[in-house]
Amino acid sequence: MRFFKKLDAIVGKVLSFLGLASMIVLFVILLANIIIRAAGAGMTLSWYSEVVEILFAWMVMIGAAMLCRNNDHFRVDLFLQKFADKRGFYWIEALCYAIAFAFYAYLLYYGYNLSVNAPQTLPVLHIAKGYCYACMPICALIMCAYTIRDICVAVGRALGKIPVVEIHKID
């Protein structure tokens, strides 16, 4: 169990670093492009759009994986309010996680196929587009792992093996 906690901490730090680094580099490149255009320097960043495309895709997918890790994805808590503190709610939650897992597995499968079978290269940087698309299967695999964790926790709470989290109803 200690191994998984350390692994989780490492994955969290790596995701945070990569997500933040992607956002900062993306911001700096966008800012540089704006300054160059506003100054009328007469030079262009030919690689600009390709790098922005890559960084944005990686930033979004890493952000989604971080949300999944922290269980912070958008959710409607109608059932949570209706069945608060009842074990039956956790069966519904496990079902929702199972549906999410099916989506992440689908994303993993087709993202992998897309990244492996993409024959195009970026025109300026001459990088295979498959590397650009690699963020999908990598982050989908991380999301699948965390969703399996969430399913296990929800089922454990539904069966009474894991203590139920006390939830305060909003009136």
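**Entry 1: two helices side by side**

I began with helix α2 (residues 48-69) and helix α6 (residues 135-159), which pack at an angle of about 5 degrees with their axes 9 Å apart. Two packed helices are described by the angle between their axes and the distance between the axes. I noted that helices (H or I, at least four residues) and strands (E, at least two) are DSSP runs, numbered from the N terminus. Axes are lines fitted to C-alpha atoms, for helices over the stretch in contact, and angles run from 0 to 180 degrees between N-to-C directions.

This is a predicted model, in which local features need pLDDT of at least 70, side-chain atom pairs count only at pLDDT 80 or more, and totals for chains, interfaces and linings use all residues. Residues are numbered from 1 along each chain as its sequence is written, and side-chain values use heavy atoms, with hydrogens and water left out.

Are α2 and α6 roughly parallel or roughly antiparallel? They are roughly parallel to each other; angles under 35 degrees count as roughly parallel, over 145 as roughly antiparallel, 65 to 115 as roughly perpendicular and the rest as oblique.

I then listed who makes the contact. From α2 come A57, W58, M61, I62, A64, A65, C68 and R69. From α6 come C135, M136, I138, C139, I142, M143, Y146, T147, R149 and D150. Contact means heavy atoms within 4.5 Å. Sorted by kind, the residues of this contact are 14 nonpolar, 1 polar and 3 charged. In this sorting Ala, Val, Leu, Ile, Met, Phe, Trp, Tyr, Cys and Pro count as nonpolar, Asp, Glu, Lys and Arg as charged, and the others, Gly among them, as polar.

**Entry 2: the cores**

I looked up the largest nonpolar core next, and it has 16 residues. A nonpolar core is a set of buried Ala, Val, Leu, Ile, Met, Phe, Trp, Tyr and Cys residues joined through side-chain atoms within 4.5 Å. Buried means under 20% relative accessible area, exposed over 50%, and partly exposed in between (1.4 Å probe, protein chains only).

The residues with the most contacts inside this core are M61, A65, L107, C139 and M143. Helices α2, α4 (87-117) and α6 each supply at least two of its residues. Which helix gives the largest share? It is α6, with 8 residues.

Another core, of 8 residues, lies apart from this one, and I found L26, I29, L45 and V51 among its members.

Leaving aside neighbours within four places in sequence, L107 is in contact with M61, Y112, M136, A140 and M143.

T147 of helix α6 has 1% relative accessibility and so counts as buried. Not counting residues up to four places away in sequence, T147 touches C68, Y97, A100, F101 and Y104.

**Entry 3: cysteines**

How many disulfides does a search of the whole structure find? It finds 0. A disulfide is a pair of cysteine sulfur atoms within 2.5 Å.

I checked C132, and its sulfur is 8.3 Å from the closest cysteine sulfur, in C135, which is too far for a bond. C132 is buried, with a relative accessible area of 6%. C139 is in no disulfide either, and the nearest cysteine sulfur, that of C135, is 6.2 Å away. C139 counts as buried, at 1% relative accessibility.

**Entry 4: pairs and distances**

L95 is in helix α4 and is exposed, with a relative accessible area of 53%. L95 and I151 are 56 residues apart in sequence, and their C-alpha atoms are 8.0 Å apart in space.

P123 is in the loop between α4 and α5 and counts as exposed at 62% relative accessibility. P123 and I99 are 24 residues apart in sequence and 38 Å apart in space, C-alpha to C-alpha.

**Entry 5: backbone and a lysine**

N71 has a positive phi of about 55 degrees although it is not a glycine. N71 lies in the loop between α2 and α3 (78-82), and it is partly exposed, with a relative accessible area of 31%.

H126 also has a positive phi of about 55 degrees and is not a glycine. I found H126 in the loop between α4 and α5, where it counts as exposed at 61% relative accessibility.

Last, I looked at K129, found in helix α5 (residues 129-133). Is K129 buried or exposed? At 18% relative accessibility, K129 counts as buried. Apart from neighbours within four places in sequence, K129 is in contact with E53, A118, Q120, T121 and L122.
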